[in-house]
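User: I'm new to this one and would like to get my bearings. Could you walk me through it?

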Amino acid sequence: MRGTFLIEMGDADGAQQALKAAVAHCTRMGFVVMRRASLYSLSASYLEQTQLGEALEVAQEGWQLQPALATQ
């Protein structure tokens, strides 16, 4: 994914834009697993920038997606 590559390259703003676009695309297409992965990466990007409120918000969004994550 472009967003995770940009995180590794130190481009937090570019990563966040790419990951938000990925989340929007996955939402439109119904790709729950990829949406959750994009939200996780977006949360990691926010954490690197100490944007804790935003990180928590997108992490919760990913957690609440259906089908639910396995909890075993």
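User: Which helices do the buried residues of H2 pack against?

Analyst: Keep in mind that this is a predicted model. The buried residues of H2 include Ala 12, Ala 15, Leu 19 and Cys 26. Ala 15, for one, is in contact with Gly 3, Leu 6, Ile 7 and Ser 45, leaving aside neighbours within four places in sequence. Taken together, the buried residues of H2 pack against H1, H3 and H4.

User: How far does H2 reach from its first C-alpha to its last?

Analyst: H2 has 18 residues, and at 1.5 Å a residue the expected span is 26 Å. The model comes close to that, with a reach of 25 Å.

User: Is Ser 41 buried or exposed?

Analyst: Ser 41 is found in helix H3, which covers residues 32-48. Leaving aside its neighbours within four places in sequence, Ser 41 is in contact with Thr 4, Ile 7 and Leu 19. Its relative accessible area is 10%, and buried means under 20%, so Ser 41 counts as buried.

Note on methods:
Residues are numbered from 1 along each chain as its sequence is written. This is a predicted model: local features need pLDDT of at least 70, side-chain atom pairs count only at pLDDT 80 or more; totals for chains, interfaces and linings use all residues. Side-chain values use heavy atoms; hydrogens and water are left out. Helices (H or I, at least four residues) and strands (E, at least two) are DSSP runs, numbered from the N terminus. Buried means under 20% relative accessible area, exposed over 50%, partly exposed in between (1.4 Å probe, protein chains only). Contact means heavy atoms within 4.5 Å. The expected span of a helix is 1.5 Å times one less than its number of residues.
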